[in-house]
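The note below was prepared for a colleague reviewing a structural model. Please read it beside the coordinates.

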Amino acid sequence: MRRIAITAAVAVLALTTGCGAADMTRQASPFANARGARTVTLSVQSWVGAQSDAAVAQYLLEHKLGYRVDTVQVDEVPAWDALSQGRVDALLEDWGHPEQEKRYVGEKGTVAPGGGLGVTGHIGWFVPTYLAKQHPDITDWRNLDKYASLFRTPESGGKGQLMDGSPSYVTNDKALVKNLKLDYQVVFAGSEAAQITQIKRFAKEKKPFLTYWYAPQWLFEKVPMTEVRLPPHKEGCDADPAKVACGYPHTPLKKYLNADFARSGGEAAAFLKKFRWTTEDQNEVSLMIAEQKLSPAEAAKKWVDSHPSVWKKWLP
């Protein structure tokens with residue numbers, strides 16, 4: 001899932017590999033935390049949904065509010081550090097980082113809540129729907145070992161393969177496999193783009209696969225998948241990462257702003273606080289970027305042109 005172009009080279013890398021997140025210990029935007037200037041820097045996470053958020057926000061900030069916008073791709077946890085230090089002004093899609101929220105919002109006060117994105121995220125384990133139709137009981141985690149041989153790959157060491165994307169994403173999968181005593185091996189594809197490539201290849205050949213995946217995500221429209229029921233998520237069941245034995249929650253995705261920017265960012269800060277759209281809106285833009293191969297700016301313009309009743313509510 002990917003980002004808006006910072007430079008042409010980064011944009012090409014982003015769209016083709018889905019990885020290559022910026023090292024924010026060395027990189028900072030000249031626009032970030034620029035008090036009084038009509039500039040803003042957005043942190044963009046490395047998946048296409050987050051790229052869609054940033055693309056539309058950037059387009060409207062530039063074309064409707066007259067700002068100059070920079071974007072920086074950075075992994076999920078380092079993004080909080082960058083936000084706290086003022087190296088980026090806003091993070092538009094956070095999937096839940098309670099430790100960072102407690103530290104930077106509650107204790108240090110260097111990050112401010114920016115409101116909900118309007119999209120609810122959910123992580124889970126999925127099999128292709130064609131496989132679930134062949135073996136209906138495969139969608140219960142307690143039956144997964146029965147089918148482990150179907151998912152073996154050269155990378156899974158004789159066990160069933162559970163395919164994950166990037167190690168930087170929110171994932172409890174290694175602990176889940178261990179604590180649920182499943183005969184599976186977590187194998188990282190390396191990035192969302194690489195994971196999508198593998199899923200599409202398996203689906204084209206109608207092969208079995210078990211994968212970590214998440215919604216909202218445009219790929220469901222191209223490769224129908226059915227979720228495997230994990231033990232129900234309950235409050236606190238994932239508090240100790242090593243002992244997790246429950247499924248993932250449904251998480252209302254949130255926005256966060258650098259605290260100084262939230263106070264003095266003028267129209268840009270007001271606009272980003274009001275930015276709120278639906279899963280369908282996000283998937284529409286994501287599909288244009290990932291599948292139709294439009295640039296993020298082109299996809300954003302197309303969406304903006306056709307949805308004025310949505311975005312006009314965001315303008316200050």
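1. Basis of the values. The model is predicted; local features need pLDDT of at least 70, side-chain atom pairs count only at pLDDT 80 or more, and totals for chains, interfaces and linings use all residues. Residues are numbered from 1 along each chain as its sequence is written, and side-chain values use heavy atoms, with hydrogens and water left out.

2. Overall fold. The protein has 12 helices and 9 strands (DSSP runs numbered from the N terminus: helices are H or I with at least four residues, strands E with at least two). Of its 316 residues, 53% are buried; buried means under 20% relative accessible area, exposed over 50%, and partly exposed in between, with a 1.4 Å probe and protein chains only. Among contacts (heavy atoms within 4.5 Å) with a separation of 6 or more, 74% link residues 24 or more positions apart.

3. Nonpolar cores. A nonpolar core is a set of buried Ala, Val, Leu, Ile, Met, Phe, Trp, Tyr and Cys residues joined through side-chain atoms within 4.5 Å. The largest has 85 residues, and Val-56, Trp-125 and Leu-272 have the most contacts inside it. Helix 2 supplies the largest share of this core, 9 residues. A second, separate core numbers 11 residues, among them Val-74, Val-88, Tyr-104 and Val-111. In soluble globular proteins, nonpolar side chains tend to be buried together.

4. Surroundings of Val-56. Which residues does Val-56 contact, leaving aside its neighbours within four places in sequence? They are Phe-275, Trp-277, Val-285, Ala-300, Trp-303, Val-304 and Trp-314.

5. Largest pocket. On a 1 Å grid over the protein atoms alone, a pocket is an open set of points with protein on both sides within 12 Å along at least five of seven lines, whereas a cavity is a set where a 1.4 Å probe fits but cannot get out; lining residues have an atom within 4 Å of a point. Grid points are joined across faces, edges and corners, and a volume is the space filled by probe spheres set on the points. The largest pocket has a volume of about 1,000 Å³. Its lining comprises 33 residues, with Gly-96, His-97, Pro-98, Val-170 and Asp-238 nearest the centre. Helix 3 (76–84), helix 4 (98–107), strand 4 (111–128) and strand 9 (250–258) each give two or more residues to this lining, and strand 9 gives the most, with 5. By class, the lining has 13 nonpolar, 12 polar and 8 charged residues (nonpolar: Ala, Val, Leu, Ile, Met, Phe, Trp, Tyr, Cys and Pro; charged: Asp, Glu, Lys and Arg; polar: the others, Gly among them).

6. Second largest cavity. Strand 3 gives the most to its lining, with 3 residues; strand 1 and helix 2 each supply at least two. The lining divides into 4 nonpolar, 2 polar and 2 charged residues, including Asp-53 and Glu-93.

7. Disulfide. The structure holds 1 disulfide (a pair of cysteine sulfur atoms within 2.5 Å). It joins Cys-237 to Cys-246, with an S to S distance of 2.0 Å, and is right-handed, with 80 degrees about the S-S bond. Cys-237 is partly exposed at 23% relative accessible area, whereas Cys-246 is buried at 4%.

8. Arg-87. Is Arg-87 buried or exposed? Arg-87 counts as buried because its relative accessibility is 17%. Arg-87 lies in the loop between helix 3 and strand 3. Arg-87 and Asn-258 are 171 residues apart in sequence, yet 8.8 Å apart in space, C-alpha to C-alpha.
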